[in-house]
Amino acid sequence: MNIAFIGLGNMGAPMACNLLKAGHRVHLFDIDKNALAELASQGGQISESPAQAAQGSELVITMLPAAAHVRRVYLDDNGVLAGIQPGTPAIDCSTIDPQTIRELADIAAAQGVTLSDAPVSGGTAGARAATLTFMAGGSSEHFERIKPVLAQMGRNIVHCGDTGTGQIAKLCNNLLLGISMIGVAEAMALGDALGIDTQVLAGVINSSTGSCWSSQSYNPWPGIVDTAPASRGYSGGFAADLMLKDLGLAAQAARSAHQPVMLGALAEQLFQAMSQRGEGGLDFSAIIQAYRR
């Protein structure tokens, strides 16, 4: 299958790599020339623009940092909608606000293109291992059409409802993730300050009622989980600035629904402080540094 993949960051690059491994012909675009060169060495085809990547493709996938990037990639003169053929499905796997994806889907529909949202969860490790969870919005017919390709990049492919509901699911999930990571960071730092071995404490938490993904698979204390960013200086992974962006999107959505998110607001403030300290490029689990002596 000819697939256009646009956005080769920490998540997009391993996702595109898995499509190459599955035997697809993948047309790549990103502003990072090094990312393009790396995937080209694995068989990817470099494109000069999103429009060129989309030309002749049977599916377009975008994975971008924020709503502004998604708008430009689809709507610019050299954007996806300038090159895609009517009838070609498109999927945006970025994490953005529900309103933006709905607006872009309406614009795409006027050209005969079905655009849906399918944000992901599972982190960079899940992207590399093809075990991501995809939260897909859009019609049932469109979902069944794109599901086989998503299944080559993920393990759990969930149809959440109409266009935009995938983003709603993702924002709710990341709201909880940000809050839970802060909770684990507080608990681990407190245990260390009180004198318990952090390996012992992590083992107790992970076999007790405090267990969660942030404690088991992504523990913020260095050395607890060898594959977690905490064990490599908080490099790679999911940047704190991206978590801050997602918490802001959740807060924005909550205001539109007149729904309180009190812990979410506090989490947003803590990650904002982390960003202001110049730590926004670190993995979001580095929030624990605010608690360590």
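A residue is called buried when its relative accessible area is under 20%, exposed when over 50%, and partly exposed in between, using a 1.4 Å probe and protein chains only. By that rule His258, at 72% relative accessibility, counts as exposed. The model you see is predicted, so local features need pLDDT of at least 70 and side-chain atom pairs count only at pLDDT 80 or more, while totals for chains, interfaces and linings use all residues. Residues are numbered from 1 along each chain as its sequence is written, and side-chain values use heavy atoms, with hydrogens and water left out.

**Salt bridges**

- Side chains of opposite charge can pair when their charged atoms come close.
- Three salt bridges are found in this structure, each being a side-chain nitrogen of Lys or Arg within 4 Å of a carboxyl oxygen of Asp or Glu.
- One of them joins Arg71 to Glu103, with 2.5 Å from N to O.
- Arg71 belongs to helix α4 (residues 67-75) and Glu103 to helix α6 (residues 98-109), so this pair ties together parts that are 32 residues apart in sequence.
- Helices here are DSSP runs of H or I with at least four residues, strands are runs of E with at least two, and both are numbered from the N terminus.
- Arg71 is partly exposed, at 31% relative accessible area, and Glu103 is partly exposed, at 31%.
- Lys245 and Asp246 form another salt bridge, their closest N and O atoms being 3.4 Å apart; Asp246 is buried at 2%, whereas Lys245 is partly exposed at 22%.
- Arg277 pairs with Glu279, the closest N and O atoms again lying 3.4 Å apart; Glu279 is buried at 17%, while Arg277 is partly exposed at 43%.

**A look at helix α12**

- Helix α12 (residues 240-256) has 17 residues and should span 24 Å at 1.5 Å a residue, which agrees with the 24 Å between its end C-alpha atoms; the expected span is 1.5 Å times one less than the number of residues.
- Its buried residues include Ala240, Met243, Leu244, Asp246 and Leu247.
- The buried residues of α12 pack against α9 (165-194) and α13 (262-279), where contact means heavy atoms within 4.5 Å.

**Positive phi angles**

- Most residues other than glycine have a negative phi.
- His258 has a positive phi near 55° and sits in the loop between α12 and α13.
- Ala130, which is not a glycine, has a positive phi of about 60°; look for Ala130 in the loop between α7 (123-129) and β8 (132-137).
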